[in-house]
Amino acid sequence: MLAAANVACRFVSALAPMLVFGASLMLATSGNAQVAQRLNARLRPMLRGLATIALPAALLLLSLEAAFITDSHAAMRDPATLRQVALFTDYGHAWMVQGLFTSILCLALWLPGLRSPALLACLSACVLAGVGINGHAAMDEGLPGLAHMANNVAHILCSAYWIGALMVVLPLLYSWRDEHRNAGPIMARFSTLGHVAVAGSVLTGILDTWLILRGGGLSLHSRYQQWLAAKIAIVLAMTILALSNRYYWVPRLASDPRALPALRRQVWYTVAAGSLAVLLVALFGTLPPD
Amino acid sequence: MKKTLLACAVALLLPQLAWAHAHLKHAVPANQSTVTSPTAIRGDYTEGLNIAFSSMTVAGADGKALDLGKAALVPGNDKAMDLAMSKPLPAGHYTVTWHALSKDGHKTEGKWSFTVK
């Protein structure tokens with residue numbers, strides 16, 4: 001039960017800021033301030049909702065870690081133990097970064113007025129940095145340790161842009177017939193950054209996998225590696241979807257009536273697959289890799 | 001700048017062994033060994049430890065834990081913890097039970113035993 005709650009909290013507290021980051025960075029780099037402002041206002045209820053569910057999930061992670069460390073459910077509500085976990089463990093330090101910036105992100109989205117997409121992207125990037133310096137990425141010492149954590153943060157940010165930006169692509173595709181003059185250049189910019197994000201996500205993912213598995217090696221019996229293989233298969237499917245979107249359907253948008261519905265459908269598939277990949281990471285990140 | 005980049009690349013590419021989760025790599029006294037009374041009992045792990053939630057206890061053949069205080073990190077080495085002996089251990093069979101919280105937030109535990117002649 002606790003293990004399932006831990007996976008659920010890890011999933012929600014990571015996926016929500018990933019979507020906020022990707023959507024906000026997409027808007028911040030859209031090159032069309034007017035459309036970005038309009039979409040920012042339109043997406044605000046969703047971004048608020050995401051930050052709001054991420055906060056309790058992130059805060060609960062400390063209680064769950066305290067219960068795991070001490071083998072005691074009572075530790076979840078014991079202020080002294082929670083304080084010790086927060087202050088005297090590496091997990092606690094990373095949790096404080098994640099919790100602090102998730103709280104600030106919530107405030108930024110709930111306070112009156114519209115925050116700029118650049119600010120929201122920065123705040124959610126800080127949340128994701130807290131996520132990225134924790135767990136298996138914290139297993140190395142010294143310079144390799146810092147490089148491992150930096151690589152993991154880069155992996156999360158690239159992946160976050162990949163799936164989060166689709167939160168902006170979807171409304172653009174649904175208003176394509178009326179707004180394709182504005183949406184076209186925005187999509188072209190997304191395509192450029194999207195290539196970087198997909199390539200970055202795959203390369204940092206490969207490096208991360210090597211860094212984590214280099215000690216224990218490969219094993220068919222490792223549950224960690226079985227779930228990791230499933231995640232790799234999902235990322236492969238997402239890459240194929242991204243390539244077919246960009247190089248098959250987008251060039252046919254003007255000439256083929258099937259292109260727009262196909263793109264909308266495939267973007268939804270990509271969001272679902274990306275979310276599933278994050279769920280798998282939330283799951284196998286709690287398991288020993290070897 | 002070039003040197004820093006090179007150092008980063010070398011640090012990343014070196015096939016240095018590391019395991020996620022802290023596993024016991026080396027124990028003093030060694031598992032199943034027979035020794036004269038040790039001055040310290042020490043465990044070396046594959047990963048850095050968070051000592052606030054890591055521990056070592058020693059029990060005699062009757063299963064009763066000895067009062068040896070709390071294990072501490074070996075100075076300058078956060079992958080090792082030890083228990084200093086304030087007085088010699090009497091002859092007999094001992095079991096060390098350890099719990100380790102690694103820096104990646106995962107918990108491992110285990111035992112090893114030795115005999116004092």
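The buried residues of helix α7 of chain A are L166(A), M167(A), V168(A), V169(A), L170(A), P171(A), L172(A) and L173(A). In this predicted model, helix α7 covers residues 166-174 of chain A, and because eight of its nine residues are buried, the helix is largely enclosed by the rest of the structure. The partners of these buried residues are α1 (2-28), α2, α6 (142-164), α8 and α10 (259-284) of chain A.

Helix α8, one of the partners of α7, spans residues 176-213 of chain A and contains A197(A). Is A197(A) buried or exposed? A197(A) counts as buried because its relative accessibility is 4%, and the cut-off for a buried residue is under 20%. Beyond neighbours within four places in sequence, A197(A) is in contact with C158(A), Y161(A) and W162(A). A197(A) is also 34 residues from I163(A) in sequence, with a C-alpha to C-alpha distance of 9.7 Å.

**Chain A as a whole**

Chain A holds ten helices and zero strands; read from the N terminus, its elements run α-α-α-α-α-α-α-α-α-α. The C-alpha trace of chain A spans about 60 × 50 × 35 Å along its principal axes. Chain A has a radius of gyration of 20 Å, which agrees with the value near 19 Å that a compact globule of 290 residues would have. Of the 290 residues of chain A, 53% count as buried. Among contacts in chain A with a separation of 6 or more, 76% join residues 24 or more positions apart.

The accessible surface of chain A amounts to about 13000 Å², and 71% of this area belongs to carbon and sulfur atoms. The charged side chains of chain A comprise 19 positive and 11 negative ones, and the centres of these two sets lie 17 Å apart.

**Chain B as a whole**

Chain B has one helix and eight strands. The order of its elements from the N terminus is α-β-β-β-β-β-β-β-β. Of the 117 residues of chain B, 41% count as buried. In chain B, contacts between residues 24 or more positions apart make up 61% of those with a separation of 6 or more.

The table sets out values for the two chains.

| Chain | Residues | Buried | Accessible surface | Share from carbon and sulfur |
|---|---|---|---|---|
| Chain A | 290 residues | 53% | about 13000 Å² | 71% |
| Chain B | 117 residues | 41% | about 6300 Å² | 62% |

**Confidence**

The model scores ipTM 0.73 and pTM 0.88. The mean pLDDT of chain B is 84, and 83% of its residues score at least 70. Which elements of chain B have the lowest and the highest mean pLDDT? The lowest mean, 49, belongs to helix α1 (residues 2-13) of chain B, and the highest, 95, to strand β7 (residues 92-101) of chain B. Over residues 8-18 of chain B the pLDDT is below 50, and this stretch has 18 contacts in the model beyond near neighbours in sequence.

**Backbone features in loops**

Most residues other than glycine have a negative phi, and most peptide bonds are trans.

In chain A, D71(A) has a positive phi of about 60° although it is not a glycine. D71(A) is found in the loop between α2 (33-70) and α3 (79-88) of chain A. With a relative accessible area of 61%, D71(A) is exposed, because the cut-off for an exposed residue is over 50%.

In chain B, the loop between β1 (24-28) and β2 (33-35) contains P29(B), and Q32(B) lies in the loop between β1 and β2 as well. The peptide bond from V28(B) to P29(B) is cis, with omega near -10°. Q32(B) is not a glycine, yet its phi is positive, at about 65°. How is Q32(B) classed, as buried or exposed? Q32(B) counts as exposed, with a relative accessibility of 60%.

Key
Residues are numbered from 1 along each chain as its sequence is written. Chains are lettered from A and ligands numbered from 1 in the order in which they are written. This is a predicted model: local features need pLDDT of at least 70, side-chain atom pairs count only at pLDDT 80 or more; totals for chains, interfaces and linings use all residues. Side-chain values use heavy atoms; hydrogens and water are left out. pLDDT is the predictor's confidence in each residue, from 0 to 100. Helices (H or I, at least four residues) and strands (E, at least two) are DSSP runs, numbered from the N terminus. Contact means heavy atoms within 4.5 Å. The radius of gyration is taken over C-alpha atoms; the globule rule is 2.2 Å times the number of residues to the power 0.38. Buried means under 20% relative accessible area, exposed over 50%, partly exposed in between (1.4 Å probe, protein chains only). Accessible areas come from the Shrake-Rupley method with a 1.4 Å probe; for residues, only the protein chains shown count as cover. Lys and Arg count as positive and Asp and Glu as negative; His and the chain ends are not counted. The place of a charge is taken as NZ of Lys, CZ of Arg, CG of Asp or CD of Glu.
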